[in-house]
Amino acid sequence: GFPVVSKVVNPVDSVTLFVSDVDDFYGELAEVTKIPSSVYQAEWIVSNPCIETWLYYCYNNDPWNELEEVVGLCVLKRSQRMKQLCGKVVTGGVDPRKAFLRIDVGIKNSREHYVEDDNGIPKLFSTQMYRMMDFIRTEMNKRHSEYDAYVRRQQEIRDKWRNSGKVKNHK
């Protein structure tokens with residue numbers, strides 16, 4: 001058979017995170033978030049209305065003006081409209097690959113707008129993704145500043161391309 005490993009290889013391996021949009025799951029999320037995380041050994045990471053809330057904060061920080069069209073919509077249509085608007089208000093759209101390089105901006109901006117309701121569910125334009133991304137960044141940086149080194153390498157690649165004249169005004 002397979003050898004039994006009795007130790008956790010990496011602290012990240014001992015953490016379980018469930019990521020969810022509020023969408024039409026509010027009732028279920030309100031129930032599950034009442035259960036202490038120690039019972040199911042996991043943490044919920046919720047965004048309202050959707051994960052694009054996090055991506056938006058990695059680039060911009062004025063949701064009540066730039067995304068105001070979402071406010072009056074029924075809950076089931078908010079996520080779809082949010083995705084459309086993010087493609088318009090962020091030049092080039094909210095590319096998750098590039099957002100990973102902007103974790104610090106996303107954490108700062110999303111914390112600034114974070115509000116929970118009485119059930120502990122993020123209100124509109126609030127996301128708990130800053131918790132998860134702060135955890136990931138911290139864990140990566142515990143290993144030889146891995147996240148910071150990755151961001152530097154990506155910047156060097158962009159600078160090299162920009163300076164080569166092959167790509168103009170590429171961010």
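Student: Is Tyr147 buried, partly exposed or exposed?

Tutor: Buried means under 20% relative accessible area, exposed means over 50%, and partly exposed lies in between (1.4 Å probe, protein chains only). Tyr147 has a relative accessible area of 2%, so Tyr147 is buried. This is a predicted model, in which local features need pLDDT of at least 70 and side-chain atom pairs count only at pLDDT 80 or more, while totals for chains, interfaces and linings use all residues. Residues are numbered from 1 along each chain as its sequence is written, and side-chain values use heavy atoms, with hydrogens and water left out.

Student: Which aromatic pair does Tyr147 form?

Tutor: Rings of Phe, Tyr and Trp (its six-membered ring) pair if their centres lie within 6.5 Å; planes under 30 degrees apart count as stacked, over 60 as edge-to-face and the rest as tilted. That rule gives six aromatic pairs. One of them is Phe18 with Trp44, where the centres are 5.0 Å apart and the planes stand at 35 degrees, so this pair is tilted. Phe18 is in strand E1 and Trp44 in strand E2, 26 residues apart, and the pair links these distant parts of the chain. Phe18 is partly exposed at 35%, and Trp44 is partly exposed at 21%. Tyr147 pairs with Phe100 in an edge-to-face arrangement, with 5.4 Å centre to centre and 85 degrees between the planes. Phe100 lies in the loop between helix H6 (96-99) and H7, and Tyr147 in helix H9, so the pair ties together parts that are 47 residues apart in sequence. Phe100 is partly exposed, at 24% relative accessibility. Phe100 and Tyr147 form one aromatic cluster with Tyr150.

Student: How are the helix and strand labels assigned?

Tutor: Helices (H or I, at least four residues) and strands (E, at least two) are DSSP runs, numbered from the N terminus. The expected span of a helix is 1.5 Å times one less than its number of residues. Helix H8 covers residues 129-142, which is 14 residues, and reaches 20 Å from its first C-alpha to its last, close to the 20 Å expected.

Student: Which residues of H8 are buried, and what covers them?

Tutor: An α-helix has 3.6 residues a turn, so residues three or four places apart point the same way. In H8 the buried residues are Met129, Tyr130, Met132, Met133, Arg137, Glu139 and Met140. Their cover, judged by contact (heavy atoms within 4.5 Å), includes strand E1 (17-21), strand E2 (43-48), helix H3 (52-57), helix H7 (103-112), strand E3 (126-127) and helix H9 (146-164).

Student: Where does the backbone take a positive phi?

Tutor: Most residues other than glycine have a negative phi, and most peptide bonds are trans. Asp23, not a glycine, has a phi of about 35 degrees; Asp23 sits in the loop between E1 and helix H1 (26-32) and is buried at 16%. Phe125, also not a glycine, takes about 65 degrees. Phe125 lies in the loop between H7 and E3 and is buried at 1%.

Student: Is the peptide bond from Asn48 to Pro49 cis or trans?

Tutor: The bond is cis, with omega near 10 degrees. Pro49 is in the loop between E2 and H3.

Student: How many disulfides does the structure hold?

Tutor: A disulfide is a pair of cysteine sulfur atoms within 2.5 Å. The structure has zero. For Cys50, the nearest cysteine sulfur is that of Cys86, 7.0 Å away. Cys50 is buried at 0%, and Cys58 is buried at 0%.
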